[in-house]
Amino acid sequence: MITIEGIANVVSMIGTACGLFSRVPQVYKVYKTKSAGDLSSQTMAINITANSCFLFYTLVHQQWPIMLNCLSVITLESSLVIMKHKYGHMKKSSSQTSLVDMVPLDSDEL
């Protein structure tokens with residue numbers, strides 16, 4: 001028989017799986033492009049803090065699947081912080097390069 005608790009467990013596992021992999025595309029993109037300038041340091045700090053607090057709660061209440069989710073988010077967010085520090089500045093594409101900056105002006109030529 002299907003119970004509300006059974007449905008809640010399935011929904012919880014789906015949410016845990018989504019949370020587990022939610023930051024993977026961002027980590028992969030930053031790693032591939034070597035560009036992390038647009039990432040918000042404040043958002044990453046809040047996510048790490050929130051999941052660290054929730055991790056403590058899950059440890060006390062022995063909620064192992066959700067604990068795994070918290071650990072994964074903390075790990076992925078921390079890797080983004082490290083990559084932001086390493087790759088912090090945006091690379092300029094050729095369309096963002098100013099043509100005026102490319103030609104040095106010499107005062108004798110004016």
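**Figure 1. Helices α3 and α4 cross with a left-handed sense.** The view is taken from a predicted model. Helix α3 covers residues 41–60, and its axis comes within 9 Å of the α4 axis. The two axes cross at roughly 155°. That angle is over 145°, the cut-off for roughly antiparallel, so α3 counts as roughly antiparallel to α4. On the α3 side, the contact is made by Ser 41, Met 44, Asn 47, Ile 48, Asn 51, Ser 52, Phe 54, Leu 55, Thr 58 and Leu 59. On the α4 side, it is made by Trp 64, Ile 66, Met 67, Cys 70, Leu 71, Val 73, Ile 74, Glu 77, Ser 78, Leu 80, Val 81 and Lys 84. Sorted by class, the contact has 14 nonpolar, six polar and two charged residues.

**Figure 2. Leu 55 of helix α3 meets residues of the α3 and α4 contact.** Leu 55 has a relative accessibility of 14%. Buried means under 20%, so Leu 55 counts as buried. Which residues does Leu 55 touch, leaving aside its neighbours within four places in sequence? They are Met 67, Cys 70, Leu 71 and Ile 74. Take Ile 74 as one of these partners. Leu 55 and Ile 74 are 19 residues apart along the chain. Their C-alpha atoms are separated by 9.3 Å.

**Figure 3. Asn 51 is a buried residue of helix α3.** Is Asn 51 buried or exposed? Its relative accessibility is 14%, and Asn 51 therefore counts as buried. Asn 51 touches Cys 70, Val 73 and Ile 74, not counting residues up to four places away in sequence. Asn 51 is also listed among the α3 residues that make the contact with α4. Cys 70, Val 73 and Ile 74 are listed on the α4 side of that contact.

**Figure 4. Helices α2 and α4 come together in a left-handed crossing.** Helix α2 spans residues 24–33, and helix α4 spans residues 64–87. Their axes come within 10 Å and cross at roughly 20°. Angles under 35° count as roughly parallel, so α2 and α4 are roughly parallel to each other. Val 24, Gln 26, Val 27, Val 30 and Tyr 31 make the contact from α2. Leu 76, Ser 79, Leu 80, Met 83 and Tyr 87 make it from α4. By class, this contact has eight nonpolar, two polar and no charged residues.

**Figure 5. The largest nonpolar core holds nine residues.** Its members are Val 27, Val 30, Ala 36, Leu 39, Met 44, Leu 76, Leu 80, Met 83 and Tyr 87. Which elements give two or more residues to this core? They are α2 and α4. The largest share, four residues, comes from α4. One of the core members, Leu 76, touches Leu 20, Arg 23, Val 24 and Val 27, not counting residues up to four places away in sequence.

**Figure 6. Ser 72 sits buried in helix α4.** Its relative accessible area is 15%. Not counting residues up to four places away in sequence, Ser 72 touches Gly 19 and Leu 20. Leu 20 is also among the residues touched by Leu 76.

Figure 7. Lys 34 is found in the loop between α2 and α3. Lys 34 counts as partly exposed, at 33% relative accessibility. Gln 62 lies in the loop between α3 and α4. Is Gln 62 buried or exposed? Gln 62 counts as exposed, at 54% relative accessibility.

Figure 8. From the N terminus on, the elements run α-α-α-α-α. The protein chain has 110 residues, and buried residues make up 22% of them. Consider the contacts between residues at least 6 apart in sequence. Of these, 75% join residues at least 24 apart.

How values were computed:
Residues are numbered from 1 along each chain as its sequence is written. This is a predicted model: local features need pLDDT of at least 70, side-chain atom pairs count only at pLDDT 80 or more; totals for chains, interfaces and linings use all residues. Side-chain values use heavy atoms; hydrogens and water are left out. Axes are lines fitted to C-alpha atoms, for helices over the stretch in contact, and angles run from 0 to 180 degrees between N-to-C directions. Angles under 35 degrees count as roughly parallel, over 145 as roughly antiparallel, 65 to 115 as roughly perpendicular and the rest as oblique. A crossing is left-handed if the near helix is turned anticlockwise from the far one by less than a right angle, and right-handed if clockwise. Contact means heavy atoms within 4.5 Å. Ala, Val, Leu, Ile, Met, Phe, Trp, Tyr, Cys and Pro count as nonpolar, Asp, Glu, Lys and Arg as charged, and the others, Gly among them, as polar. A nonpolar core is a set of buried Ala, Val, Leu, Ile, Met, Phe, Trp, Tyr and Cys residues joined through side-chain atoms within 4.5 Å. Buried means under 20% relative accessible area, exposed over 50%, partly exposed in between (1.4 Å probe, protein chains only).
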